[in-house]
Amino acid sequence: MRRGVTCALVLAACLGASGLAQGKATGGGGGATAKAKGKAKAKVAARSPRRSCADLPRGVRLPASGTGFQIPTTWDKRGLSWGTPQLVGLIKRVAERLAEDSDVPLRVADISPRGGGASAWHKSHRRGVDADILFYMLDGAGSPAPEPRAMLVFDAEGRGAARDNLGNDMPPRRFDTARNWKLVRALLEDRAGNVERILVARTMQKLLLDHAREIGAPTKLIERAAAVFHEPTRAPPHDDHFHVRIADPNPPCTVIATRGKTQRRR
Ligand SMILES: [Zn+2]
């Protein structure tokens with residue numbers, strides 16, 4: 001809703017300016033008429049703003065694997081690996097940092113489809129600023145668990161469910177709190193500083209923040225984590241993965257006037 005309103009306002013402002021410019025070019029007498037036409041166009045644009053806004057026109061693809069990360073097969077097949085350069089850059093930098101002291105890959109699930117927009121799996125994930133990241137998890141022996149076929153729900157004690165989200169029986173799994181905290185820390189300490197939200201269940205938040213206090217993590221970092229953590233109320237609680245959202249680097253629909261015509265710039 002907010003996106004549509006913003007888009008409508010920007011478009012309206014630009015079309016109005018364009019109408020004035022045309023009036024000047026065709027002679028002073030037509031100014032009032034051109035202005036009126038411009039206003040009429042702006043009204044039409046305001047009624048149907050979404051048609052003018054592409055979602056991810058300049059996305060870049062996260063490869064299926066790279067230094068410190070992989071897209072597990074289940075998600076790689078979907079092809080939702082397109083994001084803004086800012087999001088893809090963040091994922092690569094974070095994975096590289098985590099790879100400095102661990103060979104367990106960061107497992108990235110869905111980002112956005114090529115060109116953005118809706119997909120069969122997501123209502124959000126349209127503009128390349130959202131990424132699902134699987135939790136790090138341990139097996140029954142306390143070793144890093146292998147690549148999963150589906151997401152797995154964890155309870156408040158960090159125990160994995162008996163079945164994954166596709167109904168496959170699962171051996172014992174535990175939420176790898178220490179590695180998951182390192183991931184959160186790397187996200188929040190990234191040089192771009194553009195992580196806006198991390199959607200994750202309150203139960204997982206508690207495990208992570210308790211751990212951070214126990215190991216003496218900086219207070220400011222803990223406060224920042226607590227501020228960006230969010231359990232959705234109108235969506236599943238995210239007890240099976242992190243959903244990371246960065247600040248949108250592109251206004252939803254920026255319109256500029258060029259040579260008497262209007263062009264959208266993203
Ligand atoms: Zn998500």
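Two strands count as paired if DSSP finds at least two bridges between them. Strands here are DSSP runs of E with at least two residues, numbered from the N terminus. This is a predicted model, where local features need pLDDT of at least 70, side-chain atom pairs count only at pLDDT 80 or more, and totals for chains, interfaces and linings use all residues. Residues are numbered from 1 along each chain as its sequence is written.

- Four strands make up an open sheet: 4 strands in the order 6-11-9-10, with mixed pairing.
- Strand 6 and strand 10 sit at the edges with a single partner strand each, so one side of each has no neighbour in the sheet.
- Isoleucine 198 has phenylalanine 229 in strand 10 as its bridge partner.
- As background, strands of a sheet pair through backbone hydrogen bonds, either parallel or antiparallel.

- Most residues other than glycine have a negative phi.
- Histidine 125 isn't a glycine, yet its phi is positive, at about 60 degrees.
- You'll find histidine 125 in the loop between strand 5 (106–107) and strand 6 (130–134).
- Histidine 125 counts as buried because it has 27 C-beta neighbours inside 10 Å; the cut-off for buried is 20 or more other C-beta atoms within 10 Å of the residue's own, with C-beta atoms placed from the backbone.
- Histidine 238 also has a positive phi, near 65 degrees.
- Histidine 238 lies in the loop between strand 10 (229–230) and strand 11 (241–246).
- Histidine 238 is buried too, with 23 other C-beta atoms within 10 Å.

Conventions. A residue is buried if 20 or more other C-beta atoms lie within 10 Å of its own, exposed if 12 or fewer, and partly exposed in between; C-beta atoms are placed from the backbone.
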